[in-house]
Amino acid sequence: MPIVQSRDLIEQLPAYIRSEVVRQSYIKIINKFRFLSNKDPDFLWAFLPILKPMQFYSKDILYSQGDHPEEVFFIMKGKIKLCHLFATSAYPGAPKIIVPFNMYAEGAYFGEMEMMLAHYQYLGRDGTAIV
């Protein structure tokens, strides 16, 4: 007997039932992010199951300045600080100055601009994201 994936099973449901199953399955996420609150059920069905939960700890680095963008981050809990690193001189190994330029808190998301703009795809992220 073949194994039926839950996504395959849900796809066979009528649209109104499928949208309710998705809404109930992801209600915490939908309620947390205003971005998701009025989205079409078909968008939610395509988008929400591909989110990957990640856990970070204080002072963890999500990505570094210059990294090429690969993800958009949605913050369920905690805060993220974006910082720009400036070298104090042109010499290798010179100390760097860390300048915070943005902060994101619960219910926010970030990284979407870097994913969409070719400028960042080529040059990489403009800051370091620190928990």
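Tyr109 is partly exposed, with a relative accessible area of 29%. The model described here is predicted.

**Aromatic rings**

A pair of aromatic rings is described by the distance of the centres and the angle of the planes. The count of aromatic pairs in this model comes to 12.

| Ring pair | Distance of centres | Angle of planes | Type |
|---|---|---|---|
| Phe35 and Phe47 | 6.4 Å | 70° | edge-to-face |
| Phe35 and Tyr109 | 5.1 Å | 50° | tilted |

The pair of Phe35 and Phe47 links helix H4 (residues 34-37) to helix H5, across 12 residues of the chain. Ring pairs join Phe33, Phe35, Phe43, Phe47, Phe74 and Tyr109 into a cluster.

Is Phe47 buried or exposed? Phe47 has a relative accessible area of 19%, and buried means under 20%, so Phe47 is buried. Phe35 has a relative accessibility of 27% and counts as partly exposed.

Charged side chains also meet rings. The charged end of Lys39 sits over the ring of Phe35, 4.4 Å from its centre. Arg125 lies over the face of Tyr63, at 3.9 Å from the ring centre.

**Nonpolar cores**

The largest nonpolar core has 9 residues: Ile10, Val22, Ile30, Phe33, Leu36, Leu44, Trp45, Phe47 and Leu48. Helix H5 (residues 41-47) gives the largest share of this core, 3 residues. A second, separate core holds 8 residues, including Leu62, Tyr63, Phe73 and Leu82.

Which residues does Ile30 contact, leaving aside its neighbours within four places in sequence? They are Arg23, Leu36, Ser37, Leu44 and Leu48.

**The sheet**

Strands of a sheet pair through backbone hydrogen bonds, either parallel or antiparallel. Here an open sheet of 4 strands has the order E1-E6-E3-E4, and the pairing is antiparallel. Strand E1 (61-63) and strand E4 (96-105) stand at the edges with a single partner strand each, so one side of each has no neighbour in the sheet. Neighbouring strands are turned by 30° against each other on average, direction ignored.

Strand E3 (residues 79-87) and E4 run antiparallel and are joined by 9 bridges. Ile80 has Tyr104 in E4 as its bridge partner.

**A residue in a loop**

Lys59 is found in the loop between H5 and E1. Its phi is near 75°, a positive value in a residue other than glycine. Lys59 counts as exposed, at 67% relative accessibility.

Notes. Residues numbered from 1 in each chain as written. Predicted model: local features only at pLDDT ≥ 70, side-chain atom pairs only at ≥ 80, totals over all residues. Heavy atoms only, no water. Core = buried A, V, L, I, M, F, W, Y, C linked by side-chain atoms within 4.5 Å. Buried < 20%, exposed > 50% of the residue type's maximum accessible area, 1.4 Å probe, protein only. Helix = DSSP H or I, 4+ residues; strand = E, 2+ residues; numbered from the N terminus. Contact = heavy atoms within 4.5 Å. Pairing = 2+ DSSP bridges. Axes fitted to C-alpha atoms, helices over the stretch in contact; angles between N-to-C directions. Phe/Tyr/Trp six-rings, centres within 6.5 Å; stacked < 30°, edge-to-face > 60°. Lys NZ or Arg CZ within 6 Å of the ring centre and 35° of its normal.
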